[in-house]
Amino acid sequence: MSESTGHSSTSHKHKVVVTRNLGPDIMPLLLDHPDLEVITWPEDRVCDRSWFLANLPGASGALVMLSEKINAEALDKAGRTLKVVSTMSVRYDHVDLDAIAQRGVKLGHTPDVLTDAVADLSVMLALMAGRNSKETTSIVQNGEWPNFNWAPFSFCGPQLSASSFSPTRTAGFIGFGRIAQATLARLIPFGFTHCLFTGNPTSNSSSSVASSIQAKYPTLKAVRRVGLDELARESDVVFVLAPGGDKTYHIVNEAFLKQMKKTAVLVNTSRGTLVDSDALIKALREGWLWGAGLDVVEGEPNIGLDHPLVREPRCVVLPHIGSATNESRLGMATLAAQNLIAGVLGEPLPAELKLTK
Ligand SMILES: O=CC(=O)O
């Protein structure tokens, strides 16, 4: 077993820098590997930048979390020995893709293994935001239940399932990749009848996506790619599930929120930057939509008790736990370790993000 927590000694092994201890089920894949010298951040908190940079020189690989910025500074510290960066995340907005591509370094990530966990959480947030879970749980937590003045319509909210009062239910997806489609699958038994989506696919591929979804779920009356305005106007639940970055920055803005149904909820389980927080605060205060469920917020993790979204009664905020199931995190850590090993050995990565130079 080859483990070190500080600077590398010279050896014929490939030095790899790992920025979090991945636990007893996964670390042996790395530590017991005969070709690796593993340098692991020794503490149970986000890795210090200075430690990371100090340990990169001469590394063949780095296994990192969303917290590590992979930019020219880090890549240049590692230098020409670096063959692979493996991130234990599906998304990669902490990675400067141009800088990594220019240096011919491979990038591994962890798609698929977290799809179900994030789709589950997306539905959970849709339910929580619609059903006043924040205000009602606080009644119990604050010991106010015994004095609670029940009334026939107290704490009612829009029902997620179709009913005789709302026989059509429309899900709108901003971004229609794996997680969005897995979320839709969970909504079919709730009686959802319409699926609208926006996204990147070329018009050809989006029409074939629409027809294959329609064939898979015959109870859907319509599956259509639409513009943002129509999606905002027609959806009972809007799921924000597109990647972060410049192209999607504040895609949910004041103009979008103003068009939403007053009974609709907004769920964001992708990246905080897609939703303009100031606009959402205004929208919730003025009742443009019913509620919001957010697993991600711009500026996270610096979201304190005084943050207006945290104070909004109809806004449920979770601390970015979309993939936090035992199953998903074990899958992500395993895949991240496999990507790292394959990358340093010059083999194809099980999940490589193909980069264009
Ligand atoms: O947000 C989570 C991820 O990108 O894995």
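Here is what to select, and what you'll find at each stop.

**Before you click**

This is a predicted model, where local features need pLDDT of at least 70 and side-chain atom pairs count only at pLDDT 80 or more, while totals for chains, interfaces and linings use all residues. Residues are numbered from 1 along each chain as its sequence is written, and side-chain values use heavy atoms, with hydrogens and water left out.

**Stop 1: the ligand**

Select the ligand, then show Leu66, Ser89, Val90, Arg91, Leu114, Arg271, His320 and Met332, the residues around it (each has a heavy atom within 4 Å of the ligand). Now look for polar contacts (pairs of N or O atoms within 3.5 Å). The side chain of His320 has an N or O atom 2.7 Å from a ligand oxygen. For the side chain of Arg271, the distance from an N or O atom to a ligand oxygen is 2.9 Å. At Arg91, look at the backbone instead: an N or O atom there lies 3.0 Å from an oxygen of the ligand.

**Stop 2: the largest pocket**

Next, pick Leu66, Ser67, Arg271, Glu300 and His320, which lie nearest the centre of the largest pocket among its 47 lining residues. A pocket here is an open set of points on a 1 Å grid over the protein atoms alone, with protein on both sides within 12 Å along at least five of seven lines; lining residues have an atom within 4 Å of a point. The space inside comes to about 1,400 Å³, counted as what is filled by probe spheres set on the points. Colour the lining by class and you get 20 nonpolar, 16 polar and 11 charged residues. Which helix gives the most to this lining? Select residues 326–344: that's helix H13, with four residues (helices are DSSP runs of H or I, at least four residues).

**Stop 3: the largest cavity**

A search of the whole structure finds three cavities of 30 Å³ or more; a cavity is a set of points where a 1.4 Å probe fits but cannot get out. The largest holds about 80 Å³ of space. Its lining includes Ala126, Arg131, Gln159, Asp236 and Val265. Helix H5 (residues 115–130) gives the most to this lining, with three residues.

**Stop 4: Glu312**

Finally, jump to Glu312, in the loop between helix H12 (308–311) and strand S13 (315–317). Is Glu312 buried or exposed? Buried, because its relative accessibility is 11% (the cut-off is under 20%, using a 1.4 Å probe and protein chains only). Leaving aside neighbours within four places in sequence, Glu312 is in contact with Lys134, Leu284 and Arg285 (heavy atoms within 4.5 Å).

Methods
Helices (H or I, at least four residues) and strands (E, at least two) are DSSP runs, numbered from the N terminus. Ala, Val, Leu, Ile, Met, Phe, Trp, Tyr, Cys and Pro count as nonpolar, Asp, Glu, Lys and Arg as charged, and the others, Gly among them, as polar. Buried means under 20% relative accessible area, exposed over 50%, partly exposed in between (1.4 Å probe, protein chains only). A polar contact is a pair of N or O atoms within 3.5 Å; within protein, one must be able to donate a hydrogen and the other to accept it, and residues adjacent in sequence count only if both atoms are side-chain atoms.
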